[in-house]
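Hi,

Here is the structure I promised to pass on. Have a look at it, and then read my notes below.

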Amino acid sequence: MTDAVAHAHGAAGGDGPAYTGWYAAGRMARGVAWAAVGFALGVALLAVVRNITGHDGWSKEASICAGYLLALPGWLFGMGMWDGWGREWFGHKVKHAPSDWGRYFSFCHDHKVIGIQYLATFVFLFLFAGLFAMVIRWQLLSPNGAILTNAQYNSVMSMHGTVMIAVAVAGVAGSFGNYILPLQLGADDMAFPRLNAMSFWLIPPVAVLLLAALPMGGWDTGWTAYPPLSTTNGTGQLMFNLAIITFGLSSILSGLNFICTFIFMRAEGMTWSRIPVFSWSLFAMAWIALLFTQLFAVSLIMVTLDRVAGTSWFNATHGGQPLLYQHVFWFYSHPAVYIFVLPAFGIILEILSHLSRKPLFAYKWVVGAFFGILGLSGIVWAHHMFTSTMDARLLKPFLITTELISIPTGLIFLAALGTIWQGKLWLRVPMLFALGEVFNFLIGGVTGIFLADLPTDIHLQDTYFVVAHFHYTIVGGEIFALFAGIYFWYPKITGRMYNERLGQWHFWLMFLGFNFTFIPMFWPGIQGMNRRIAEYTPDLQNINIVVSVMAFILGASFLPFVWNMLASLFRGERAQANPWRARTLEWQTTSPPPVENFPVPPLVTGGPYDYGVPGAAVHAAPAYSAAAGD
Amino acid sequence: MVTTGNEAALRTAPPRQAPAYGEAVHAGHQMPKSKRAHINRVALWMFFFSESFMFGGLLAGKFYLAGAGHDAHLDQFLGLLITSILLLSSVTAYQAETAIKHGKTGQCVAWLFLTIVFGAIFAVGVGFEWATAHFSVHEPFGTAFFAMTGIHAAHVISGVFMLVLIYRLVRRGRFGPDHYWPVEATVKYWHFVDVVWVFFYPALYLTTW
């Protein structure tokens, strides 16, 4: 139930069998087996209930839902949650996960292991969904579609969007949030380590469901899953619903964990005004994940009920209201973009300050801006619905609240500029990505104004202008920060330095490829080229060929990245504990940190960014001794 | 270099034994029990806060879809009866928590048993309401009614399941005045499920336009 129980039973250490990675593989197989048992049980139970109430025992979608409801705990308990957690609910002692490489494949509580699990999973998913983007651009080389049928195109487009949204939600927050947050706060783990492990192990079923949807015909609604299409299309849609509800559960539990860690796990002396800005951004982000994600789940539960149980939430012929879906859905899904971008802002502000050797400009205003965004995020959702048939009296209020968001966002942008102003910029790869992010986000923000304003939005709604805009904010604003964070913390996480030259290749290819893909894409949007459609008018072919070729360069930019990451892992130069000579706490321990993070609990005595401030106290003294090496 | 006192601690503190991976290797070990309990309590309230967004969404969805009215065929007596029983179960749950805080295991077992029985009666009552309802799931009010009572009943059933687990552990004497958090957490969850019904019941049974 909670971690308190674990402590009451005490931790039994070292008296178990000798664990190996193969043991973890066995656990994995057990998880799959129990998932299968759970699925069969769920299907059987539903069949019994349906028979009693006079229905046919097997009903495809209802049976899948019932099976999945029991398959999910089957997977979790089978793969290690029973041994590590569930046993004590029944009064037994818990068993422990392996300690060798197998820990990366098991129900491990260590926040650093979980951070790496998230990072590896989501970088893989990013590259996977990127391949789908390449297919989309290949298709759009020709106005009539180059390779795919229209139905296939819809599935490919939906898969790209859905997986990339998942990467945007958990790619930064899940990996660096888990790995870096406790380190920056001087804690030795998250507030709820087992809940944390559970949050991660809910992710593999999400991926399996999304992949399983493809042979079932995929889903053609994009990631937004609007009814009435989503209540009437193939079974792939149901897989999507179950996957995203599971993913939402993982988000909510992570958000809860981040908030508790942030409030309660800070080291001695880590006052509110000494907390690094990345941790602050995670704190603000976590509230959105905790509260608003529920509404995404509600909207998809409603769709699922319409499909499975015959309710008429969105079935207009029985008095349903399809517009209700859009309200509930966007009530989460607009705040979700701040789940993407708040931690990204945190990362780039960190890097800009450390690598220009200057205090973070307007630190307190930035923190205030995070909460301004958090507050406003809940009252802007209907700007996605300007061309829907909602009440016209709602239009102007949502226009105004949407424009208001540019005030806190602008504060953050100005803080970034103020930080590098007259700084001594150290143009290493993370710094390049951070500067690139600032540039991209400016374009993303400015083009957003046209979509927030009613007269222009009515023209631009559902065109490639929108596609270009949100790629500038999500890829330009967040994915660039993801890569900035990967290069910045790579030495801390792996204990090795990445290859600077390959990193520079990656940055310039990605930055130029990205901008030359999406700047031209605004044009067909203004010309009225519809997003999500497999075909377009022939007069737009030339510009689409340009966009596609540039997109292939953007795709190719990840080849040096992948090679760099893998080769440096084995052959990279050994990293020092603090290669960036940064002040924050994660750099004051060894690379990689020991299991307990800090040999002794750190004592924080000064601000995190007081570079070059005369007489400033250190943030915290290094917690590694010379005898232990770096 | 500015002295922080940390360096001295480094020199004098014996190297801490690195615990095996997978153990609960976190500050919980050094943290006083009272702080651990405080974190758990805050986290539980935040979980309720989060869940209330879900129930709030359903409630808003009901008014959007079906307006403020309710179906004339609802069995008002049954609704009032199961609502009363659910509210009563909150009282017995509270009594169970108080008993274990005072170390009275036997009383706690008895109150928990009553709570489980009341919870089960409520779930059966909802099932009976479903079986005898005169309105269909295909119409707007029926949609809201079945979805909201169904999702609420799922919470009730999960609460009963947790109460049964706790009941077993209390009977084995696992909890006492200095360690009763799992009992407290389960009872708080039960109260939360009750409070949700306090909003759902008038929205589904009583309001009219």
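A:Arg532 sits in the loop between helix H18 (500–526) and helix H19 (541–556) of chain A; helices here are DSSP runs of H or I with at least four residues, strands are E runs of at least two, and both are numbered from the N terminus. Its phi is near 65°, a positive value in a residue other than glycine. A:Arg532 counts as partly exposed at 24% relative accessibility (buried is under 20% relative accessible area, exposed is over 50%, partly exposed is in between, with a 1.4 Å probe and protein chains only).

A:Asp462 also has a positive phi, about 60°, although it is not a glycine. You'll find A:Asp462 in the loop between helix H16 (454–460) and helix H17 (464–494) of chain A, partly exposed at 35%. Most residues other than glycine have a negative phi, and most peptide bonds are trans.

On that last point, the bond from A:Pro227 to A:Pro228 is cis, with omega near 5°, and A:Pro228 is in the loop between helix H7 (203–213) and helix H8 (229–232) of chain A. The bond from A:Ser591 to A:Pro592 is cis too, with omega near -10°; A:Pro592 belongs to the segment after helix H20 (558–571) of chain A.

Before you zoom in further: this is a predicted model, so local features need pLDDT of at least 70 and side-chain atom pairs pLDDT 80 or more, while totals for chains, interfaces and linings use all residues. Residues are numbered from 1 along each chain as its sequence is written, chains are lettered from A and ligands numbered from 1 in the order in which they are written, and side-chain values use heavy atoms, without hydrogens and water.

Chain A has a mean pLDDT (the predictor's confidence in each residue, from 0 to 100) of 91, with 96% of its residues at 70 or more. Over residues 1–18 of chain A, though, the pLDDT is below 50. Where pLDDT is low, the predicted coordinates should not be read in detail.

Now the rings. Over all chains there are 82 aromatic pairs (Phe, Tyr or Trp rings, the six-membered one for Trp, with centres within 6.5 Å; planes under 30 degrees apart are stacked, over 60 edge-to-face, the rest tilted). One of them is A:Trp426 with A:Trp580, edge-to-face because the planes are at 75°, with the centres 5.7 Å apart. This pair ties together parts that are 154 residues apart in sequence. A:Trp426 is partly exposed at 26%, whereas A:Trp580 is buried at 0%.

Cheers

Definitions and conventions: Contact = heavy atoms within 4.5 Å.
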